[in-house]
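Please open the model in your viewer and keep the selection panel at hand. We will go through it one stop at a time.

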Amino acid sequence: MENVIEFRGISKKFKEFSIENLDLQIKRGYITGFIGANGAGKSTIIKLMMNLLQADKGEVKVFGMDYFSHAKEIKERIGFVYDRNVFYEALSLKDISRIVAPAYKCWNNKQFKAYVDKFELPLNKPIKKFSKGMQMKASLAIALSHDAELIIMDEPTAGLDPAFRRELLDIFQEVMVDERRTIFFSTHITSDLDRIADYIVLIEKGEVLFNKPIYELKERYAIVKGSTNLLDRDTEESFIKIERSSTGFQALTNNVEEVKELFGDHVVMEEASLEEIMFYVKGAHSQHD
Amino acid sequence: MFNLIKKDLIILKVQLLLFIPFIVFFAVFATHLSPAFIFLLASIFIPINAYIYDEQAETNILLNSLPYTRQEIVAARYIGAIAYMILSIGVAGIILYLCNYGYTIRDIVIAVGLFFVFSALSFPLFYILKPGYIGLAVFVSFIVLAVVLPPIVQFLAENLTTITNFLTNLSAFTLYLSGATIAIGLYLLSWIFSRTIYLRKDF
């Protein structure tokens, strides 16, 4: 399978935070959700992908090319959405499209107009008078109007109301009908990803904890419920975290097969949500440190 | 790159409307000023305003996310500034002529020379200093220079006769030629300097 983004041995030092020897591969043709706590390094990694930050060491490749000699070709094929407005606030969407459109060889004004209509965006109102959701939609309309193959988004759903978040996820799915396309987006609302992501990358303190297909996570992890008398020192080993109550226990496992073998029909298994997985994997990781 | 230069006209729509009254104001009320000074103000009006405008917004993130190279972004600034300087001096020349404000080609030549020197010194500030302070720094230093420089030149002219003798002994042609070489040389150095800084920058 082809990688659309590839980080090899990336190091980047800041005063309070650093990334060391990071490897990361993002697969072409899928939606990859990028999760991690605030300050885990999500925005830094996105900026490295966009060449807004330059690594101290290592190699960033996008579409198999490096920024050193192919910056324009790469950016031509990327649509970007950031967590805050980067367009001129005082300008209207029409003026902004006048600035952005000529930068792209494949700008499609018809497509842009179609998105503007679809999102019900005013063309002549200054961006600073847009609500957060409208600014987001405006960025998205621009990102989707030049036939980009890779859409990189930093927290696109942050600060949006649930109804619009749903709408947005539907738009992502529509975009993905074109098989060449890849969406990479960071979020801390993991329920967004349960619905649409194919791959999940979890980072913590600048380190990739896992980068896996979502189905694999769902196969490996499960919530197990049963009677407390099933638990003893040996059986507890199969679980990452156990909660006991008067009616029974509830626990997370990362080894569904073993639990099935051990308890058979005596326990009930439920799909674990990404949030639960993320929480426990992070906990387990910091215990190892 | 032409698009990057054209971008300044879109972002400065409002400021451009002020440009003509700005020159007319000087032509009508500032009759004791040297015409060279008015030409200088006119020539730096658009480039400096574009810089000030751009550093307020998250322009670096925007431009660097679009298919432009960092070299192009800096080049557009330095080439665009010359283009806007030529245009602005043309417009200012017409306005001053219409307002019967006398000037000579010499005034324009001096203004262009000073434009290069002033731009060469101020543009790199936008790449070195933190955003938010640069516009103010440039504005203040421009006013200070405009107030302080003439008396200093006067003082030098009166007291350092060897220098003035040397300068007056040069033919007008040599004087202008060496002035132009220095001004343009500074501008090119400034461009290389800004480019070096911008290439390494993190946004």
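Into which domains is chain A divided? Select residues 3-217 of chain A for domain 1, then 222-271 for domain 2. Give each its own colour, and bear in mind that this is a predicted model. Taken over C-alpha atoms, the centres of domain 1 and domain 2 of chain A are separated by 39 Å.

Next, bring chain B into view beside chain A. The contact draws 23 residues from chain A and 16 residues from chain B. On the side of chain A that touches chain B, pick out helix H2 (67-76) and helix H3 (93-100) of chain A: these are the elements that give two or more residues to it. Colouring this side of chain A by class will show you 15 nonpolar, 2 polar and 6 charged residues.

Now stay with chain B and select helix H3 (residues 35-56) and helix H6 (residues 105-122). How are two packed helices described? By the angle between their axes and the distance between the axes. Here H3(B) and H6(B) pack at an angle of about 45°, with their axes 8 Å apart. Angles of 65 to 115 degrees would count as roughly perpendicular and those under 35 as roughly parallel, so H3(B) and H6(B) are oblique to each other. Their crossing is right-handed.

For the last stop, show side chains where these two helices meet. From H3(B), the contact residues include Phe39(B), Leu40(B) and Ile44(B); from H6(B), look for Leu114(B), Phe115(B) and Phe118(B), among others. Asp107(B) of H6(B) takes part too. By class, the contact of H3(B) with H6(B) has 12 nonpolar, 2 polar and 1 charged residues.

Notes. Residues numbered from 1 in each chain as written. Chains lettered and ligands numbered in written order. Predicted model: local features only at pLDDT ≥ 70, side-chain atom pairs only at ≥ 80, totals over all residues. Domains from an automatic or database assignment. Contact = placed C-beta atoms within 7 Å. Helix = DSSP H or I, 4+ residues; strand = E, 2+ residues; numbered from the N terminus. Nonpolar A, V, L, I, M, F, W, Y, C, P; charged D, E, K, R; others polar. Axes fitted to C-alpha atoms, helices over the stretch in contact; angles between N-to-C directions. Parallel < 35°, antiparallel > 145°, perpendicular 65-115°, else oblique. Left-handed = near helix turned anticlockwise from the far one by under 90°.
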